[in-house]
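Hi,

Here is the structure I promised to hand over. Please have a look, then read my notes below.

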Amino acid sequence: MPDRPRAGSVEWLLLDLLLEHCHRSWGVGQLVNEIGSPIAVAEALEALQAAGLIERTGALVPIARV
C-alpha cells in the first residue's frame, strides 16, 4: 500500500502544476489523476483556497488573480 502524500507537499505539487499551466483552469479530477489521492488533493485545495492562492469554482481550479 503506497504512502499517502503529505498535505504540505501536495500543496506545492498543485501550485507547480497550476503555475506551469496558468493560462488554463484544471479540473479537480485532473489534479487527482496527477497526484493520485483524492483526499490529499481536497485537503491541499482547501488550504490553498484559504490562503488566497487559488480560486475554486465548482470542479475547476485556476490560480487566483492578483
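How many aromatic pairs does the count come to by the ring-centre rule? The count is zero. The rule pairs rings of Phe, Tyr and Trp (its six-membered ring) if their centres lie within 6.5 Å; planes under 30 degrees apart count as stacked, over 60 as edge-to-face and the rest as tilted.

Basis first. This is a predicted model, where local features need pLDDT of at least 70, side-chain atom pairs count only at pLDDT 80 or more, and totals for chains, interfaces and linings use all residues. Residues are numbered from 1 along each chain as its sequence is written, and side-chain values use heavy atoms, with hydrogens and water left out.

Confidence next. The chain has a mean pLDDT (the predictor's confidence in each residue, from 0 to 100) of 87. Of its residues, 88% reach 70 or more. Confidence is lowest in helix 1 (residues 7-20), with a mean of 88. It is highest in helix 3 (residues 38-50), at 95.

Now the fold. There are three helices and two strands in the chain. These are DSSP runs numbered from the N terminus (helices: H or I, at least four residues; strands: E, at least two). The pattern along the sequence is α-β-α-α-β.

Helix packing. The axes of helix 2 (residues 28-35) and helix 3 come within 9 Å and cross at roughly 120°. That makes helix 2 oblique to helix 3. Axes here are lines fitted to C-alpha atoms, for helices over the stretch in contact, and angles run from 0 to 180 degrees between N-to-C directions. Angles under 35 degrees count as roughly parallel, over 145 as roughly antiparallel, 65 to 115 as roughly perpendicular and the rest as oblique.

Burial. Of the 66 residues in the chain, 29% are buried. Buried means under 20% relative accessible area, exposed over 50%, partly exposed in between (1.4 Å probe, protein chains only).

Some residues to look at:

- Leu-31 is in helix 2. It counts as buried because its relative accessibility is 0%. Its C-alpha atom is separated by 9.1 Å from that of Val-61, 30 residues apart along the chain.
- Gly-27 belongs to strand 1 (residues 26-27). Its relative accessible area is 12%, so Gly-27 is buried.
- Trp-12 lies in helix 1. Its relative accessibility is 60%, so Trp-12 is exposed. The C-alpha atoms of Trp-12 and Ala-44 are 8.7 Å apart.
- Arg-24 has its charged end over the ring of Trp-26, 4.3 Å from the ring centre. The rule: NZ of Lys or CZ of Arg within 6 Å of the ring centre and within 35 degrees of the ring normal.

Best wishes
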